[in-house]
Amino acid sequence: MIFKRRQKRVVVIGLDGVPYSLIHNLTQQGIMPRTGRWLTAGRLYPMKASLPEISAVSWTDFMTGVDSGTHGIFGFTDLKPGTYELRFPNFFDVQAQTIWDKLGQQGKKSIVINQPATYPARPVRGVLISGFVAIDLAKAVYPPQELKRLKEIDYTIDVDTAAARSDHRVLWSDLEKTLSSRRQALELYWPEDWSYFELVITGTDRLHHYLWKASQNPKHPAYQAFLDYYRALDELIDIIITRFEALTGSLDNLFLLSDHGFASLEKEVNLNAWLKDQGLLRFLRPDPQDLSDIDDDSVAFALDPNRVYLNLRGKFARGKIDLADRDRWQEEIKQALLELTFDGKKVIRTVFTAEEVYRGPFVSRGPDLIAVSYPGFDLKGSVKKKEIFLASDLEGMHTWDDAFFWTTSRLSSDLRIADCHEIILDRFK
């Protein structure tokens with residue numbers, strides 16, 4: 001060990017897509033007994049995720065402490081300015097400093113393992129290993145010389161999501177492999193000198209998307225395997241916390257969190273099909289391939305997930321709506337969405353305007369409305385699918401307000417994931 005004794009240290013454990021309700025239940029039921037014992041030393045808070053409630057945005061809110069209006073990431077996809085052409089934002093598009101950027105300016109070293117929304121890895125004082133969506137391990141590691149060490153332990157970034165979706169045997173194999181990779185990366189980097197150490201588990205999110213119903217139904221064929229995965233995760237969490245307490249003598253600088261909640265998925269809801277049904281979206285041909293086929297007469301369109309854009313004149317090449325009419329159209333679409341039902345059940349819980357969600361110089365780049373559905377209804381933005389309500393081969397979907405944050409501190413009950421940024425940095429003051 002080369003630790004400096006008086007150095008302040010913080011550890012963050014991230015569990016992607018783990019709801020407050022699930023972590024509470026699994027620790028209370030003895031499935032995660034070690035984690036449960038540690039959690040009694042502090043407080044487990046429910047926490048709101050980003051809007052929309054997806055990892056690309058929520059983790060970016062966490063690491064920068066600001067929302068999309070300031071950091072510039074509105075989703076896994078975005079639009080090229082002035083066009084309807086999709087692009088995939090990456091870590092170099094993030095316009096705000098991260099926790100480890102700020103610590104680096106203070107001369108403090110960070111070890112960040114499997115952090116989603118950081119691909120390709122950009123320079124950091126310490127080590128950064130990008131998580132989802134990271135395509136090439138060589139571009140997911142900084143500094144580049146760490147690639148050799150990671151290859152030696154056969155480090156694996158993520159589950160093969162396409163293969164796992166069709167074959168759950170692949171899912172279980174890859175979940176075991178990725179969890180083992182996190183454990184080996186822990187062993188590799190823990191002995192080094194660091195001020196901030198973060199390790200994120202994303203296998204939880206993958207498991208929940210494919211087999212969420214197994215968490216709630218003892219008769220589900222994957223029920224025991226689901227619990228066994230959490231038992232293995234319990235062991236890893238215990239190793240990290242035990243080492244941290246031995247190193248610092250306290251849990252005060254330890255944090256656990258998730259980036260969004262999860263719920264059972266009943267139906268996918270295609271917002272573009274709904275907008276077409278309302279007469280608000282038209283395409284130049286009967287089988288559009290992408291948004292470039294939009295008709296000039298369109299009022300609005302949607303992007304995955306939850307995001308509704310008004311076809312504003314001056315913002316889009318075929319814009320129809322004058323800025324002076326924006327408020328009226330926002331209200332009309334909001335009220336119509338709130339009336340949407342399926343089998344007698346309300347689909348949309350609430351609809352926010354951009355100004356209610358975002359602050360900062362990039363607000364105008366984002367959506368005009370963000371819809372939040374009731375659990376069970378997963379909002380999508382396909383232009384090819386014609387039905388509003390569609391079946392899905394997934395079992396779970398993200399939720400906005402069932403993420404969690406654990407700390408030994410007493411905090412406000414109205415906690416957002418962006419708030420975690422300053423709470424963590426405060427420990428270095």
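Let me start with one residue. At 2% relative accessibility, N306 counts as buried. The cut-off for buried is under 20%. N306 sits in the loop between β12 (300-303) and β13 (307-310). Its phi is positive, about 75 degrees, although N306 is not a glycine. Keep in mind that this is a predicted model.

Where is N114 found? In strand β5, residues 110-115. N114 is buried, with a relative accessible area of 0%.

Why pick these out? Most residues other than glycine have a negative phi, and most peptide bonds are trans.

The bond from F132 to V133 is cis, with omega near -5 degrees. V133 belongs to the loop between β6 (126-130) and β7 (141-142). The bond from Y142 to P143 is also cis. Omega there is near 0 degrees. P143 is in the loop between β7 and α6 (146-152).

Now the whole chain. How many helices and strands does the chain have? It has 14 helices and 21 strands. The radius of gyration is 22 Å, close to the 22 Å from the globule rule for 429 residues, so the chain is as compact as a globular protein of that length. Along the principal axes, the C-alpha atoms fill a box of roughly 65 × 50 × 40 Å. Buried residues make up 59% of the 429 residues. The accessible surface comes to about 17800 Å², and 49% of that belongs to carbon and sulfur atoms.

Contacts next. Take those between residues at least 6 apart in sequence. Of these, 68% join residues at least 24 apart.

On to helix packing. Two packed helices are described by the angle between their axes and the distance between the axes. Here the pair is α8 (residues 168-189) and α10 (residues 223-248). Their axes come within 12 Å and cross at roughly 5 degrees. Angles under 35 degrees count as roughly parallel, so α8 and α10 are roughly parallel to each other. Which residues meet? From α8, they include W172, L175, L179 and L186, along with R182, R183 and E187. From α10, they include F226, Y229, L233, L236, I239, I240 and R243. By class, the contact of α8 with α10 has twelve nonpolar, no polar and four charged residues.

First up, D205. D205 is in helix α9, residues 203-211. Buried or exposed? Buried, with a relative accessible area of 3%. Beyond its neighbours within four places in sequence, D205 is in contact with D16, G17, H260, F262 and H398.

Next, A164, in helix α7, residues 161-166. A164 is buried, at 0% relative accessible area. A164 and A371 are 207 residues apart in sequence, and their C-alpha atoms are 29 Å apart in space.

Last, A273, in helix α11, residues 271-277. At 6% relative accessibility, A273 counts as buried. How far apart are A273 and V383? They are 110 residues apart in sequence, but 7.4 Å apart in space, C-alpha to C-alpha. Leaving aside its neighbours within four places in sequence, A273 is in contact with K385, K386, E387 and I388.

That's my tour. Over to you.

Methods:
Residues are numbered from 1 along each chain as its sequence is written. This is a predicted model: local features need pLDDT of at least 70, side-chain atom pairs count only at pLDDT 80 or more; totals for chains, interfaces and linings use all residues. Side-chain values use heavy atoms; hydrogens and water are left out. Helices (H or I, at least four residues) and strands (E, at least two) are DSSP runs, numbered from the N terminus. Buried means under 20% relative accessible area, exposed over 50%, partly exposed in between (1.4 Å probe, protein chains only). Contact means heavy atoms within 4.5 Å. Axes are lines fitted to C-alpha atoms, for helices over the stretch in contact, and angles run from 0 to 180 degrees between N-to-C directions. Angles under 35 degrees count as roughly parallel, over 145 as roughly antiparallel, 65 to 115 as roughly perpendicular and the rest as oblique. Ala, Val, Leu, Ile, Met, Phe, Trp, Tyr, Cys and Pro count as nonpolar, Asp, Glu, Lys and Arg as charged, and the others, Gly among them, as polar. The radius of gyration is taken over C-alpha atoms; the globule rule is 2.2 Å times the number of residues to the power 0.38. Accessible areas come from the Shrake-Rupley method with a 1.4 Å probe; for residues, only the protein chains shown count as cover.
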